[in-house]
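Please look over the sequence and the structure first.

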Amino acid sequence: MQQFLYQYQPPEFATWVYLSSLLTIAIYFKFNRLWSLRNLDLLALIALAPGLFLAEFGGASEHWGFVWLFTVGGVLMIRMLADPMMVRRPLLEPNMTTGGLAFIGASLFLFLMANVMMKDVTEADLDGPRRVWNLLERTSAPDTNDSLAEHGPGYPLLHLLPSMSMRQLVKPDGQQPASEENAKERANAAAARVMAILSHLAVVLGLVVIGIRHYDNVRTGIAVATLYLMLPYTAAMTGRVEHVLPAALLVWAVAAYRRPLVSGMLIGLAIGTIYYPLFLLPLWCSFYWQRGLLRFGLGVLTTVAALVLSLALTSHDLPSFLTQIECMFGFNSLSIEGLSRETIHGFWSGGGTIGAYRIPVIVACGVLSVSYALWPAQKNLGTLVSCSSAVMLSTQFWQAQGGGLHMAWYLPLMLLTIFRPNLEDRVAISTLDVGWFLGRRRQLRVRAA
């Protein structure tokens, strides 16, 4: 970056928190309506920053950071649960023109992605590409307990494409004994960076597309995307692939809601990525109940089946395949025993008595997920977005590793909820077509008549 901007240095996280908070207030705060819900939403989003700072950089105060995140998360959960009952949605536009928002958003994206290229990737980012190399070479399978404790359930082969492309760009020198291993590490780091940049780009474009196509307001779409890039969380976790990749899949699942098959495939891919979107299925199935359910279900099942099949093709024996399945779906991730590991960092770390209280939280999350199959009775696009945000936020309260830190899983959906207009007319029965199969049957009936 210094090649283009003389003596440029990425700002410290605390500096970014102050500057982004002031900029957020200047652009989005409604000074003529101080007690509006929009202003309260913005203050709640800004309030996440101190907890994030303590949890990620606070050292001995790490636990209090997670307590802070859980407290603010509880406030945001109440806000998302109440959103379907808020019928009046006044248009509160930002205090800046569309061109100004687009310029700031593009500038923020370039600076954030430049920071990704300049900073070192973490061990968590490199874990996925490293496992891909081992799986492709069929050398070993990861230990189930260690993998679930350190990274949670998920699918490692999503890093396959960038890892394969980097293999062609980073070739080892046969004259140096350690060059092959060094080439692998460089390829893994490059793969993590590529995945992070492309995922953030997908989130930003998805938010803009939703604003244009579904909110009928290009300014709103750009405003949501710019606010996402402006948040302190985005700056702190820019290079964390396991954070932003599921967010991109969920955002585009909403953007493609008029194509149930595509949305189902994206939700299925998100389930394979981090497992937790599994709790979205009752809500989304209920949304498509009157029209599109079969196409949505087919998309989810075929995608998950394809992921499982790819694991079978990269496993050298049956025990290795079963281990990969267990890691993907996290059969042991709900246990209390793993919370006592030293590698666990979060609200529930240490296990013991506090770990026992995690069980009713998991049950409450499951009850919330199932309840969305019945409530609200008539679901529209607005309730789909807000309830999806609530479900993904609820999973943060019982996630063992870093629970509360994976804000990207719900923040883009929450921003769409905060800025959304009235979408009561966007229901499946009126916005979706009947599908190719039913349409073909109707054509045959007409011809026969």
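What percentage of the 449 residues in the protein is buried? Buried residues make up 53% of them, where buried means under 20% relative accessible area with a 1.4 Å probe, protein chains only. The model is predicted: local features need pLDDT of at least 70, side-chain atom pairs count only at pLDDT 80 or more, and totals for chains, interfaces and linings use all residues. Residues are numbered from 1 along each chain as its sequence is written, and side-chain values use heavy atoms, without hydrogens and water.

**Overall fold**
- The protein has 21 helices and 0 strands, taken as DSSP runs (helices H or I, at least four residues; strands E, at least two).
- Of the contacts (heavy atoms within 4.5 Å) between residues at least 6 apart in sequence, 78% join residues at least 24 apart.

**Surface**

**Aromatic rings**
- There are 14 aromatic pairs, in which rings of Phe, Tyr and Trp (its six-membered ring) have centres within 6.5 Å; planes under 30 degrees apart count as stacked, over 60 as edge-to-face and the rest as tilted.
- Tyr275 and Tyr276 are edge-to-face because their ring centres lie 5.5 Å apart with planes at 65°, and both residues are buried.
- Phe287 and Tyr288 also form an edge-to-face pair, at 5.0 Å centre to centre and 75° between the planes; both are buried.
- Ring pairs join Tyr257, Trp284, Phe287, Tyr288 and Phe296 in a cluster.

**Charge over a ring**
- Arg38 places its charged end over the ring of Phe419, 4.2 Å from the centre; the rule requires NZ of Lys or CZ of Arg within 6 Å of the ring centre and within 35 degrees of the ring normal.

Technical notes: Buried < 20%, exposed > 50% of the residue type's maximum accessible area, 1.4 Å probe, protein only.
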